[in-house]
Amino acid sequence: MNLLKYRIVSIFLLGGLLSGGLVSCKKLLDLKPEGSVYESVYWKTESDATSGLMGAYSLLRRSLTLGGQGMSNFVYGDFTTGVLVEGGDYALNFLVKGDQYYGTGIAVDDFRGDYIEDFQDWSPYFRTITQANTVIEKVSKMPESAFKNPANKRKIIGEAYFIRAYTYFYMVRIWGDVPLVLQYDPDPVSSKNIQRSPEAVVLDSCAADMNKAKGLMSWNSGGDHAVRADKGAAFALLAHVNRWKYFVTKETDQSLLTKAVAAIDSITASGKYELVPAVNFDKLFKGRSSEGIFEINTSADQMEFQAGAGFYRYTLGAPYLPGKAKSTIFDSDVINAFFTDSDDARYEYYFDRNKVEDIILTKYIGKNNQNRVFLNASNTSSGFVDCNISIFRLAEMKLLRAECNELLGRSGEALTDLNDVKRRSNVGNYSGADLKTEIFEETFRELFCEGHSWYDMVRNKRLVEYLDRFPQARFDEEGWKWPIARSLFVTNKDLAQNKYWIGRLR
């Protein structure tokens, strides 16, 4: 996906400009026609439509790389799970570990969250949603004659539905109830404030979007594989939406699990994906492999990287990145508690364990620096990792299907998927008695530091069991949800704070 090609045009899209909430109507009117997106000069050609869509992808990528060091996706999904040693910059001690200090939970007026305020603000996600809404509205009204093939128009609309639904799903897992905006707004700066919609309603909207999208899109191949949403990505998101709704609706409707399994069945039945052998892990985590279903493109060739920061760089040190000092980041006790099989190819590939006190994550850079790039070939001090951000891949789908089938009492089907993933990493078939726990722990191993583990812990109700600092009382108050940034209440008086955090924020 050549995002660079559309970078300049996308910056000036109507949705992208307005969605920031910082541009007034008057300032828009001051723009010169050649730099604006007036109806008379934009949304006329297939190139216009594609540029609009690329703007949405760009905003999605930006929303997953927010905050200090630009790694919000991993802060939400991994750094909250106890994998960091005490005192790490992103251990988020007072958010997630606060209970270990206060005993029974964070007390009244005890939490000061300004140092992680960026991670509590959902504004960037709504910029992405506004852009997706703009694409859906504008492209839907374009004549098919503007496209080389009518299927291209349908695909662009389907991808916009996917981006909107994925962004809402992402927010629901972090904050629960969120404002639901499904219509294009030509002037969001002047829009009225709206209240938060129940998370189950938002998830229903996501499922509806995916049921539309999978009918609009085909299965990608060639250069678009994995980096642009396709039918496979729609089925993958649909599976996750149904599984999460089963959790948030108190596990009362098993048909949601059946729907999740059916969506994953469509992925595996397509024959479009296959597990990458362990000997090719470097290609798997580089991205766009035969296992990838959807990824956030961060290609160095297209100047889409974070040379001085980012999760991949943060978790590395010399000799993988010359000149970057090592730091004690990962908790070896936690890692060794999950990776117990010495034959596990992931244990060998994911980590450099030459020093117990200095574990380095080699999962993305490669054991032999296969995915390392230097901005200047003669300057070996500015290396970075050239990898996509994996969102959905086949192994993850198989483990999610195993989880759902186990909950449905289909242990045979669950065991088949579980063992498929195990054998890929040179681990023998599971023969124990606690299949549910084994699926959860295998998922933790397989998806280590891919932005999934926190949500896996939450929906499987494993936080209290695996994080001794997280008391049951906090879980019962839905204390896994993040607080909403205080700054948002200044501009939207209709918002309500998540209940666990009421009275606990300074």
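Modeller: P179 sits in the loop that links helix 8 (150–175) to helix 9 (199–216); helices here are DSSP runs of H or I with at least four residues, strands are runs of E with at least two, and both are numbered from the N terminus. This is a predicted model, where local features need pLDDT of at least 70 and side-chain atom pairs count only at pLDDT 80 or more, while totals for chains, interfaces and linings use all residues. Residues are numbered from 1 along each chain as its sequence is written, and side-chain values use heavy atoms, leaving out hydrogens and water.

Is P179 buried or exposed? P179 is buried, because its relative accessible area is 6% (buried means under 20%, exposed over 50%, partly exposed in between, with a 1.4 Å probe and protein chains only). Setting aside neighbours within four places in sequence, P179 has contacts that include W122, F126, Y168 and L495, a contact being heavy atoms within 4.5 Å. I194 is also among the contacts of P179; these two are 15 residues apart along the chain, with 6.3 Å between their C-alpha atoms.

Now for another loop. Q370 lies between strand 3 (360–361) and strand 4 (372–376), and counts as partly exposed because its relative accessibility is 35%. Beyond its neighbours within four places, Q370 touches D282 and I365. A polar atom of the Q370 side chain lies 3.3 Å from the backbone nitrogen of K367 and a polar atom of that side chain lies 3.0 Å from the backbone nitrogen of N368. Such polar contacts are N or O pairs within 3.5 Å; within protein, one atom must be able to donate a hydrogen and the other to accept it, and residues adjacent in sequence count only if both atoms are side-chain atoms.

As for strands, five of the five residues in strand 1 (292–296) are buried. Strand 1 runs antiparallel to strand 6 (389–393), joined by four bridges; strands pair if DSSP finds at least two bridges between them.

How far can you trust it? The chain's mean pLDDT is 85, and 81% of its residues reach 70 or more; pLDDT is the predictor's confidence in each residue, from 0 to 100. Over residues 1–37, though, pLDDT stays under 50. Where pLDDT is low, the predicted coordinates should not be read in detail.
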